[in-house]
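Here are my notes for you to read with the model open beside them. Take the points one at a time and look up each residue as you go.

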Amino acid sequence: MADGARKRNTGSAFERSEITVLSMGGGVLAQLHGLGSETRVAGLRQRVRTQLEQDGKGGFNARDEHCMQIILCLGGQVLKDDQTLGELCLPRKVTLQAVVASPGYEHLKHLSNQDSAMRRKAVRALGNIGPPAAAYSAQVKELLSDTDAGVRSAAAQAFEKFGVAAEDYAGAVAQLLQDPEASVRRCAAKAYVAMGKRAANAAELLVHQDATVRIFGIRTLSEGLRKVQYQDHSGRPPPHLQDLAAVLRDPDAEVAKCAATVLRGLPSPPDSEIVALFQDNRPGVRAWATSMLCHANAVMYTTQLAGALHDADAEVRQNAAKALGNIGSPSAPHVQGLAELLQDQKDDVRYWATWALGKTGCAAQAHSSLLMAILWDPCSRVRCCAAKVLVGARSALTAGGATINSCSSASAASSASAAADGSSSASAAADSCCPESAEDAVAAIAAALVALSKVNRPDDRRCAAWALGELGPSAASHAEALAHLLADDDASVRRCAAEALGKIGTGASEHVSALRPLLADANADVCHWAKWAVGELGETLPATAPVAATQTAVEPRAAAVESPRDI
């Protein structure tokens, strides 16, 4: 009874006292009037915690002991939980201070230490605590402008570990992206992405002046984009996909390579969304979009691809031509646009335009004269592609009758020779053409190839020999040009010439004598094809026919010159 009365008296003695609840920054969170019936410091702490929980103040989770610490102080003295109010000899009217802190408050005093090593150690300790220590973001922010680069890096790393709990300080961290130290910029980039909208912040890094920061932005975006599986069937492309595509034009090769690797590993957006990117003002995005339509199923977008043939960017034009070629004959209405690209300034554009014309079928026949003209293109790849396309049109030429714009053998040869000498342009050679029969068209192609076989470039002579062989018996009247190539200094040219004569067959039998020396050629491959060609020309070799080197017989190859690859 006496103890109970003493307890009540103790509580009533402090009814005029109060507890002021402060944050670590000094702000007043709450004020409790009277100490109630509590007799121990631990009970007062619990009362403060309960009050904060009810008020929802302080920005801390009052239910989690690890996320909020409450320290009761009297003046400069920290009160311990096992102390009683009686033994503290408190006056009747007293003001206690309850300081609300997150874990790590013991490190705050070291953040302003004159020793940079101590500052670095303290901010790292706060970072290791993670989001609960985000209450000290204001103090950590001051270290972002520290004179020591190691301290700035440690402060950025701490914000990275605070994550979205310190989102309000993302702007301060973003300023650190311009730090003169590369290591600090990298730490700032990681923190900036972790502190807010991850994808949006990572996309901002793609235009940073530091290549390592841009690569980090790419990799961060890729982690999020890989999670997109189109489960809602909305048909929308992953967010920021076009931002990644724009980085394909990055001046740093490693950055561009990283972006290309990431894009290859992502699911392809719907074609309808890709076509919409044709209007993007960034060339890299348009180039990527056109490259994504290089498949036969894009047939419904031939009109948009034809429009891209006139794009200001060369890679966009090249990809559009490639895409139309892959679509094939449905692209026939747009052959005029492809033909215009045969005079493009860029080698790759002319190459793919030539290749695409060959894939459009009979529609390309109207431009065969231009194709013959670009047999004199300055790019060897383009010349060989033109030869392949012309040879591929042989069946259409012979089956379609007088349906093409061809030219006579004489005019083709003279125009081609003039172009080879540099005295006439490709367009002038094309202008000399006139409609003739299909037989004349084949002869014109053969004449142009013969002229090509006389130039001082081994790869052109090899290409011309192969193409003449592909024309087969139609090229019999030009077998003499092939016979001259049998004595070429280049072994691959001799081999192609021998093979071509064999494909022409008996129509070239008068040149069998030119083939015999090759039976003893120093090159085993030449020997083999010479032997095969002699047999095709109708002559039987004696059992003791000289052969320079033994080689297992193989079937004749379909082509001695590598043709443009299909995609």
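1. Let's start with a word you'll need: a contact means heavy atoms within 4.5 Å. In the protein chain, take the contacts with a separation of 6 or more: residues 24 or more positions apart account for 65% of them.

2. A quick word on what you're looking at. This is a predicted model, where local features need pLDDT of at least 70 and side-chain atom pairs count only at pLDDT 80 or more, while totals for chains, interfaces and linings use all residues. Residues are numbered from 1 along each chain as its sequence is written, and side-chain values use heavy atoms, with hydrogens and water left out.

3. Now the parts list. The protein chain has 28 helices and five strands; helices (H or I, at least four residues) and strands (E, at least two) are DSSP runs, numbered from the N terminus. Of the 567 residues in the chain, 49% are buried. Here buried means under 20% relative accessible area, exposed means over 50%, and partly exposed is in between (1.4 Å probe, protein chains only).

4. The expected span of a helix is 1.5 Å times one less than its number of residues. Helix α3 (residues 116-129) has 14 residues, which should give 20 Å, and its end C-alpha atoms agree at 20 Å.

5. Which residues of these helices are buried? In α2 they are V41, G43, L44, R45, V48, R49 and L52. In α3 they are R119, A122, V123, A125, L126 and G127, and these pack against α4 (137-142) and α5 (149-162). While you look for a pattern, keep in mind that an α-helix has 3.6 residues a turn, so residues three or four places apart point the same way.

6. Next, a helix pair. The axes of α13 (residues 283-291) and α15 (residues 314-327) come within 8 Å and cross at roughly 10°. Axes are lines fitted to C-alpha atoms, for helices over the stretch in contact, and angles run from 0 to 180 degrees between N-to-C directions. That crossing makes α13 roughly parallel to α15; angles under 35 degrees count as roughly parallel, over 145 as roughly antiparallel, 65 to 115 as roughly perpendicular and the rest as oblique.

7. What makes that contact? From α13 come P283, R286, A287, T290 and S291, and from α15 come E315, V316, N319, A320 and A323. They divide into five nonpolar, three polar and two charged residues. For the sorting, Ala, Val, Leu, Ile, Met, Phe, Trp, Tyr, Cys and Pro count as nonpolar, Asp, Glu, Lys and Arg as charged, and the others, Gly among them, as polar.

8. On to salt bridges: a side-chain nitrogen of Lys or Arg within 4 Å of a carboxyl oxygen of Asp or Glu. The structure holds 23 of them. In one, the side chains of D250 and R214 meet at 2.8 Å, N to O. D250 lies in the loop between α10 (241-246) and α11 (253-264) and R214 in helix α9 (residues 211-225), so the pair ties together parts that are 36 residues apart in sequence. D250 is buried at 13% relative accessibility, and R214 is buried at 8%.

9. Another one joins R317 and D344, whose closest N and O atoms are 2.9 Å apart. R317 sits in helix α15 and D344 in the loop between α16 (335-340) and α17 (347-359), so this pair links distant parts of the chain, 27 residues apart. R317 counts as buried at 12% relative accessibility, and D344 is buried with a relative accessible area of 12%.

10. E499 is buried at 2%, whereas K503 is partly exposed at 23%. Elsewhere, salt bridges that share partners join R383, R457, D459 and D460 into one network.

11. Finally, is K197 buried or exposed? K197 is exposed, with a relative accessible area of 64%, and is found in the loop between α7 (182-194) and α8 (198-205). R185 lies in helix α7 and is buried at 13%.
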